[in-house]
There are 4 protein chains.
Amino acid sequence: MEIDRSLYIEGTLHRATSGNLSVPRFFGKIALEEAVGSTFWDAYGTLPATQEIAGTNGLAVSLDFAQDIASRLNDVPKRLDSMDQSGIGYVIVSLTSPGIEGVFDKANATDLATKVNDEIYANYVQPYPDRFGFFAAVAMQDPAAAAKELERAVKDLGAKGALINGYSNIGSPANYTIQYLDDEACEPFWAKVAELNVPVYLHPRTPPVDQQVLYGNGKYPLLAQAAYGFGVETGGHALRLMLSGLFDRYPNIQIILGHAAEALPFLVHRTDNRLSTGKSGSGGPYKKSMKYYLRNNFYATLAGIRRLSTVLNTIEEMGEDRVMFSVDYPYESNEDASDWFDYVEGLSSATKEKLAWKNAVRVLNITAGLKSYQTDSEFL
Amino acid sequence: MEIDRSLYIEGTLHRATSGNLSVPRFFGKIALEEAVGSTFWDAYGTLPATQEIAGTNGLAVSLDFAQDIASRLNDVPKRLDSMDQSGIGYVIVSLTSPGIEGVFDKANATDLATKVNDEIYANYVQPYPDRFGFFAAVAMQDPAAAAKELERAVKDLGAKGALINGYSNIGSPANYTIQYLDDEACEPFWAKVAELNVPVYLHPRTPPVDQQVLYGNGKYPLLAQAAYGFGVETGGHALRLMLSGLFDRYPNIQIILGHAAEALPFLVHRTDNRLSTGKSGSGGPYKKSMKYYLRNNFYATLAGIRRLSTVLNTIEEMGEDRVMFSVDYPYESNEDASDWFDYVEGLSSATKEKLAWKNAVRVLNITAGLKSYQTDSEFL
Amino acid sequence: MEIDRSLYIEGTLHRATSGNLSVPRFFGKIALEEAVGSTFWDAYGTLPATQEIAGTNGLAVSLDFAQDIASRLNDVPKRLDSMDQSGIGYVIVSLTSPGIEGVFDKANATDLATKVNDEIYANYVQPYPDRFGFFAAVAMQDPAAAAKELERAVKDLGAKGALINGYSNIGSPANYTIQYLDDEACEPFWAKVAELNVPVYLHPRTPPVDQQVLYGNGKYPLLAQAAYGFGVETGGHALRLMLSGLFDRYPNIQIILGHAAEALPFLVHRTDNRLSTGKSGSGGPYKKSMKYYLRNNFYATLAGIRRLSTVLNTIEEMGEDRVMFSVDYPYESNEDASDWFDYVEGLSSATKEKLAWKNAVRVLNITAGLKSYQTDSEFL
Amino acid sequence: MEIDRSLYIEGTLHRATSGNLSVPRFFGKIALEEAVGSTFWDAYGTLPATQEIAGTNGLAVSLDFAQDIASRLNDVPKRLDSMDQSGIGYVIVSLTSPGIEGVFDKANATDLATKVNDEIYANYVQPYPDRFGFFAAVAMQDPAAAAKELERAVKDLGAKGALINGYSNIGSPANYTIQYLDDEACEPFWAKVAELNVPVYLHPRTPPVDQQVLYGNGKYPLLAQAAYGFGVETGGHALRLMLSGLFDRYPNIQIILGHAAEALPFLVHRTDNRLSTGKSGSGGPYKKSMKYYLRNNFYATLAGIRRLSTVLNTIEEMGEDRVMFSVDYPYESNEDASDWFDYVEGLSSATKEKLAWKNAVRVLNITAGLKSYQTDSEFL
């Protein structure tokens, strides 16, 4: 890219009618919470993506928004064009929420995970190795099978880890149980995660109706849940993992949370204070503080976050080496996310480089031929 | 207070064995989320305070902690001594959680509210007008009666507003409904709040079992709820008020939230982003952004918060004129809260003065003979 | 101003080619360090403004820059148009550096100050009372006369205070002394300032050649001085006022410093630390800490500052009630300064309102018919 | 170190009379601006250290302070004891200001540098390789000789780089010139620095009398200079290096500045703005922005800095990988510096680790057997 250095060495004051700011584009960013669909989706009876996720049911979401999502979820050229326009060099894709987790039948779920992983690999990673990696789908309805599929995806397809959409339904639509990841049944999966030493992205899905903060007797629809309830449910899920002692048994396990770690950076200090008033062991078999786990076993992405104050709170609690840019495309806009990130002040240039791509390269062992730089970065 | 000015004009370097920092005590602080009990409590069949609140049931909480709380809730001299030791000049007391809200029978609830308000006035405000104010208890089970009692408390007893512990039970222990403050039935109460122009403190209580984030089939007891679930339930309750259009109907209504506004400062920007994808009106009859309501209709206290990053996030979203020191005594320690607040760097002296007492004086119209100053503040 | 609320209530994601950000314009801003020329300038033998100030001598400055300044210094319609374009409602103008301070002869200096004040009043304040106020020029070469002229300017012309360009030359170009404002001779002036209770803006001028940091045997010309030396010389001048005990004798005197208080917020803590190693009284007759004076006797403007980290440092040391927006037009651009200020994140909305206009209204007792608001501020 | 984990898992609220905070000591810190004396000092006619440095002449400094410094400069056991008490594991020592730079005669200066380096090596590094490293003294009066001595010190004695106290006197006390490091004569030295790839610490010395900001006709003595003038003179010296194009000719050269980079983080953005109004090349032969050099060719230490706002400003402009803890012992107190650093909030744990020791290990290639950790860091 050609840079007009004279602008900096011999500048002039901008005297024209103003009101627009030009963004010094940061090229080569990496994004990690990027959703794709699957042709196998409907066949296995899971809810279609466009119903459960993101408050996008017919009643709440605007039609423009829903149609826009539908036109983008599986359109690879449109995705690549948007990445190019916004300076995103490489993304980790994964099956959109609620994913495999919403498939009630164990065998179907396991079968679907394999098919989805093969399909994502074939459509994204294989043809565009310098633009796409992926997080594997796994069927937590059968944790041993999930462990096996994770190993296959990592070793055979180069998956960078797994992405799990919260709790899993097990049974049938008429008669099912809900399983969170701190359930003892999940042990074989976590043992494999620790062995493979790959991260698990814990992504929100619509909370069970009974547990919906904001439900309000149905007064506030799915949209309000998406805006607030998804995050706090996922934050609570992460705390359950901490309380369960998982990170004492497997200190190398790393969980990635979106949305600036779902408010845990804001709340973790008070959470520890309150837990410290309990009897030893009464809150769970955990051995260290929630703060310790947050800064040693978790990464945060900025999917859905465009706010300096939130990012600074997150960095201060987790450290700038544990925070990574992301978008949540197509539910969020690559252009909006990049315009915000590339322009925002209040983060040092070195911090921006880490959030934009350096941390992701290190955490996910990305070896694609990336070229990352910020336009005019020599002068800014 | 005598200040050794020579220390500052002709100083010496500290060469002794170190490891302790002396706190420049900020005197005259005001605290707003300070709990007291009532002799009328058991008679009305509500849960005793020490069961529901703060995870202090017999199974989870440490015995030392529970006994300490029990010995302090109603001990006025002990409370005053602790305030003196920690530089707290004036506190607003209120009936401890779950308060009147846990009384199932409407008539009993209404009767109890009156008795509690008279008792608090007689025990705290009347004998110590320069040390105590109070927030009235109100029985939201009967909103018209609550409006009436609020008026009496404000006009006759000088109450500074009301404190409400989340949702209210209505009916009987065997058969009851749950009413949140956005319920249309609450309208007469809110009309009176707007007319009297006094703030309402929205305090957490244990979330309904069905809605407990972290419940985990009973795996994680009340303590973990207190540490995380109370806050996000109360944050969700505040969002329901915003979504309901309450602040469009009554723009002067002011809600006080504890615990740094229950993570809303961290989450509000993303909440607005998600809501903006909805059809107009689909998320509720609200007219402005959640951000707008947060910074125009809410105050935050630092009850339970001792963390700079959380405070900075809160100030950046709400403004330093809307954040106030508090403790949550006796569930938190006056000494711990004051040592943290009085010492912490990262807030300007002017900001500290506002948080310590200036904002509270303005918001609550406090006219008691306060004397507020920070030791050595001329030099720090 | 018409606001499209549908944008916020029913939004769509921005999917177009990006790279430009639209600034939500903050209207009604007030600026305080705004320079104008005078027709009396050359007649009194002072250096023309375009020689000494801002490194704009013929050797260093770009021709475009110099011509642009020359075309703007005295062009009122161009100034008003630029203010309108950038949302600046009201400015305090003052005679450009080096001002009266560079006039060697006492009588001439005194005479010139009167003429300049009358001229500025006639050209700016009288015809545009809702757009312009002014800081009076005073001849510190004769402090008693300066006191008299200040009183006249404040009482008869409505001056908001005085602006002084650093040290004053006294004598003749061939044989002169340099007088800083901590000189005992200045006492009559300071007594009058305290009596009138108006602020004094301490503005940089080119440091005396002997004292130029960066002089480098002439290697680095005036431009480099303007970039660094002006500020640290002015910061040193402010420290001399503190060390002299001025603010102990007249605690109500208020000094305004441009450029985020010339790095004193960054340095003041270390300055106090070092001074505390001295014998009592050895550093001057001052009685309190430099930090104390900075936050009780100084205001900072953001003239020339477009950097969040610098602003945050300034606010943390001085408090957000002591920091005010400014530009330094025409040496800086109204449009650049406003685009930066209006857009930047990291300052609460309440903070921005104070910096933009509320603080200036309070400090300078501005009663002009201001209309201040931020476009879309209800939603941002 | 034994940690009482029960404190965290089963805590109690602190109810006792308070006012003291216990510091969680960070062990294994590394400090870089630590002064030692030399027995060869007086023999070569330089000013004794206790006269020029730090405002410690007989008139200004308190006697207690001066005697304390004198008793510590060369007392190794006292130094080690103080390091142990304050959790400092390893320090880089160097000859105290004004060092070799104040020796007027070239040959004497060169000879003295060699003797001082041998002496420091023998007294500190050789007997305590796990506690001490050193920056070499060099005689810039003869740059070729300085290059030679630097190479010897680095290769034979393991010096970590050089420390230079500002400008050098050349000639005799009666007739001398002053040479800054941007002088063309220094080229051979800089070529060697680039070749050896070691950092140069640019340390303040008393500015030449003519150039003393705050001099005030002698009104404000050396102490006030030490408090403010030393820093801005050194900041100006650093800017001269940038303007000279040094870092374009030798992009790998790294300069370490004490005192949070002497306010350059606060001022650099405005400096670039002003320079951009100049003709291309008029400010010097530099090719990039001052900001670029600051964040690519400079490190900052916290010697003398105990203020969060200053540290945050520094980190935001330079990045947290370029800021390092230091003390300036014995002119500052190891205990004061460590109590502040170890306790202060507002920096993430990861940031603290980098500032405390990780950055220094990387930048200076320290291989001593360090053991670095923060007490209770698992829980904090």
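Me: Why is E262(D) called buried?
Reply: This is a predicted model, and in it E262(D) comes out at 1% relative accessibility. Buried means under 20%, so E262(D) counts as buried.

Me: And what makes the backbone of E262(D) worth a look?
Reply: Its phi is positive, about 55 degrees, although E262(D) is not a glycine. Most residues other than glycine have a negative phi. As for its place, E262(D) belongs to helix α10 (residues 259-262) of chain D.

Me: How do you know that the bond joining S97(B) and P98(B) is cis?
Reply: Look at omega: it is about 5 degrees for that peptide bond, which is cis. Most peptide bonds are trans. P98(B) sits in the loop between β4 (88-95) and α5 (106-125) of chain B. In chain D, the bond from S97(D) to P98(D) is cis too, with omega near 5 degrees, and P98(D) lies in the loop between β4 (88-95) and α5 (106-125) of that chain.

Me: Which residues of helix α3 (residues 63-72) of chain A are buried, and what puts them on the same side?
Reply: F65(A), D68(A), I69(A) and R72(A) are the buried ones. They span an arc of only 100 degrees around the axis, which means they are on the same side of α3(A). Over on the other side, L63(A) and A70(A) are exposed. What do the buried residues of α3(A) pack against? Against α4 (76-86) of chain A together with α11 (264-275) of chain B.

Me: What makes β3 (29-36) and β5 (132-134) of chain A edge strands?
Reply: Start with the sheet: it is open, has 3 strands in the order β3-β4-β5 (chain A), and pairs in parallel. β3(A) and β5(A) each have a single partner strand, so one side of each has no neighbour in the sheet. On average, neighbouring strands here are turned by 30 degrees against each other, direction ignored.

Me: How do you know that β3(A) and β4 (residues 88-95) of chain A pair?
Reply: Pairing needs at least two bridges, and these strands have 6, in the parallel sense. A31(A), for instance, stands opposite V91(A) in β4(A). Helix α15 (residues 349-364) of chain A lies across β3 and β4 of chain A, at about 70 degrees to β3(A).

Conventions. Residues are numbered from 1 along each chain as its sequence is written. Chains are lettered from A and ligands numbered from 1 in the order in which they are written. This is a predicted model: local features need pLDDT of at least 70, side-chain atom pairs count only at pLDDT 80 or more; totals for chains, interfaces and linings use all residues. Side-chain values use heavy atoms; hydrogens and water are left out. Buried means under 20% relative accessible area, exposed over 50%, partly exposed in between (1.4 Å probe, protein chains only). Helices (H or I, at least four residues) and strands (E, at least two) are DSSP runs, numbered from the N terminus. The arc is that of the directions from the helix axis to the C-beta atoms. Contact means heavy atoms within 4.5 Å. Axes are lines fitted to C-alpha atoms, for helices over the stretch in contact, and angles run from 0 to 180 degrees between N-to-C directions.
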